[in-house]
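Biologist: I would like to learn how to read a few features of a model. Please take them one at a time.

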Amino acid sequence: MSIYDQLTGFVNRGPQRTQALYGILENIGDTASQFLSPRGRQAAMNVVEVGDMINPVAGQYRAGQDFAQGDYVGAMTEVAGVLMPAAIVAKYGPQTALAAGKAIQETLTGTGDSLGQVGADVYEKFIERMNQPGPGPEVVGSNLGNILYKGQEPLPQSMDNLSAALDKEPALANMLPFVTPEEAAIITPRNVQNVEASYRAFNPNELVSASVAGNPKLGWYFETSKALDTIFGEDTRRFATLLAAMSPQTSVEMNLKNAVRTFVNWEKAGRPKDKNEILDIMGRSVLGSKGKDSVLDAWKNNSVSALSAPEGTPGEAFRLSGPKVDNFGFAVSGDLDRFTNDAWQANLTGVPQDMFSRSSGPLPGYSPGYIGASAAGRQAADLMSGILGEKIMPSEVQETGWSFGKALYEQMKEGMADTSTLNTKGMSAREIVEAGALNEGRISDVPDFASLLKLDEYGEPLREIGYGSSIDEAARRTGQLGARDLSAARDRSGELAVAGRLDKLFDHRQRVSAAEPFRFGAIGAKFSDQSGNRLFAPYGKPSGQSVPLSFGAEGREIAPSEGYTEFLSKVAGSSSPVMYQLKADSPSRVAFVEKMREAQATHGVIGKSVDVYNAKDYKGYKLFATQNGEAGFAIAPDGELSSAVSARGSGITGFSDAVLAAGVQNGARWLQAFDTVLPEKYSQFGFKPVARIKFSKEFFVEEHGEEALEEFMKINKNFNGGMPDLVFMAYDPKFKNTVANNVGGQFTDDYDKAVNAAKRAAKVK
């Protein structure tokens, strides 16, 4: 279909205009990017005058309005200003893109009134304009324009850093329209790759699907903010900040009880500002029988900050240490542009919760992961707005998706009859969604502050100090949650994807819990943990004498323990093969290499993901293999676990489970793997990502050839478009968290730095 045909069809698409426009823009961008030759780039105009043309959020709405009014030239101008520069960013960098956008816009405004003429002439005029001779004015890196969320400009002090970050990672341009100036000020060349990767870890379409499924709780934040404003008046931001400060590691109900009681007792005490007085008040107020010891450390400093702020402190000055609580405090105050990332947001999106933890940077400590997640949430709100033809706010996407994910997971978990193994009889989350069996009452019953404050259990302490009439007024003003219908944006495939991740989360937790006695026991010396639970070594010690093996090597037997065999069979469905630690001689090394390369070849190009070295390179390694040599692995002198492969058709299932157990027990402490399904498998036995390097086509071709690269990328197309990062992981027996593709570990461009990071984390030399 031609671009002209797409544009003509676009006019009558109704609420789907935004999505349709994205497709048109991608078509134009892909076609046009080839026209920016080095000579053409010299004609780029001064970016100072670009304005908000490069802002996709603003541009797409203006384009839709222009089309609806029949202003095709105006619309085409906006089209040029939205994603064509983004396409150029990917190829030539942000400065060229900004300047090129200006040239494109001026070119298009010179066309006639006919849409057909625009469609026929645009490329010819574009080429002509961009290839005019002579140098153009210098493009200054700090002239970034209003490229951020809602067309805002970067803070002046952050422009140079942001420009340098764009130069290092051009793909950042795709997420900047969903980043606030405050968040953008945290982005630097050093962390930009982690920021951009965290943004890619989220699927906005699936966030939309979760939001639609959680429709009954739409308005959670808005109604809460309305109630708090009615009740607390000029103290709204103070109470909202206290509420957020006391939200970690507790339920919505307990959070509200603790905050109300603390606020009331603080009020009765004359609103003291002294830290110790405030902590004493908290100790008397929070639920629990331990007094001050019932006050969590995570609440203390932020609560003191909320209550010690001078009277008359402006609302925007109430800030908290930690991005989650800081955003939550603003959201319950009515700032619906906020996107609160917490444990349940991590659960439904499949990312590790520690992605959202506080960074060591400036207040409130936005981490690269938090910035990327928030940008993805705002993008989902923008996408949803385009589909529905009405404004959906980021906090509305978060509140509804949060409610859906929480309700679905809890219903699935309760239905599991036997949670001691993965072989349960209850319905999985995916099966619940497929059957339409999710109890909507569960979603509606997810607690919200506006509803709880109506109840005496929560509001009575406030009534005692004179807030009764305000509470009654708030109850009269409270609107119905879920009154707006989001069903036009429903996508069952997205709901199923979210449900599948919740199932994986449940399975991960079950498996990690069941494997814990073997994980800790694998270290060697300990036989019980601090709680007195019995710990077991998964494999026995090597036998005393080497025996000949069928493939020409010699080795000492290491057999799996009965408990570990039972665990692998029942919980993981994996084999527990007998292993042999090979003799440290040349014939055994040669035989090992021969059999590992045979096993590697049975997996085709995917086998090339595993390194099998020359025999001489294994000198000093511990080598392990099965009796027939169809499976094996190696441990380097520095503790790297490598060369793990089992031949296709060997009959061994889940070989990585046996490798991880036997490997760690025999000194393996770190490893490296492509970011496909492997890091998730390795995390279940305690390996955590600590560093990563971007996939290099050039290096892969140098090692394996062009044909192998093409096949590798095709097979791994679902992992970063066939270019999965190389992830470096270190063993930590206490690590129980999940891992996700694209995130986890600090990016580096230096292989040796990545290796050293893994070795430091694993505490090996």
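This is a predicted model: local features need pLDDT of at least 70, side-chain atom pairs count only at pLDDT 80 or more; totals for chains, interfaces and linings use all residues.

Modeller: Residues are numbered from 1 along each chain as its sequence is written, and side-chain values use heavy atoms, with hydrogens and water left out.

Biologist: At what angle do helix 14 and helix 18 cross?

Modeller: Two packed helices are described by the angle between their axes and the distance between the axes. Here the axes of helix 14 (residues 236-245) and helix 18 (residues 323-331) cross at roughly 140° and come within 8 Å. Axes are lines fitted to C-alpha atoms, for helices over the stretch in contact, and angles run from 0 to 180 degrees between N-to-C directions. Helices (H or I, at least four residues) and strands (E, at least two) are DSSP runs, numbered from the N terminus.

Biologist: Which residues of helix 14 and helix 18 meet?

Modeller: Contact means heavy atoms within 4.5 Å. On the helix 14 side are Arg-237, Ala-240 and Ala-244; they meet Val-325, Phe-328, Gly-329 and Phe-330 of helix 18. By class, the residues of this contact are five nonpolar, one polar and one charged. Ala, Val, Leu, Ile, Met, Phe, Trp, Tyr, Cys and Pro count as nonpolar, Asp, Glu, Lys and Arg as charged, and the others, Gly among them, as polar.

Biologist: How many residues has the largest nonpolar core?

Modeller: A nonpolar core is a set of buried Ala, Val, Leu, Ile, Met, Phe, Trp, Tyr and Cys residues joined through side-chain atoms within 4.5 Å. Buried means under 20% relative accessible area, exposed over 50%, and partly exposed in between (1.4 Å probe, protein chains only). The largest core has 114 residues, and Leu-172 and Ile-187 have the most contacts inside it. Helix 20 (residues 368-388) gives the largest share of this core, 11 residues. A second, separate core has 30 residues, including Val-571 and Leu-660.

Biologist: Is Thr-340 buried or exposed?

Modeller: Thr-340 counts as buried because its relative accessibility is 1%. Thr-340 sits in the loop between helix 18 and helix 19 (343-349). Leaving out residues up to four places away in sequence, its contacts include Phe-328 and Tyr-370.

Biologist: What is the phi of Ser-643?

Modeller: Ser-643 has a positive phi of about 55°, although it is not a glycine. Ser-643 is in strand 6 (residues 640-646), and counts as buried at 3% relative accessibility.
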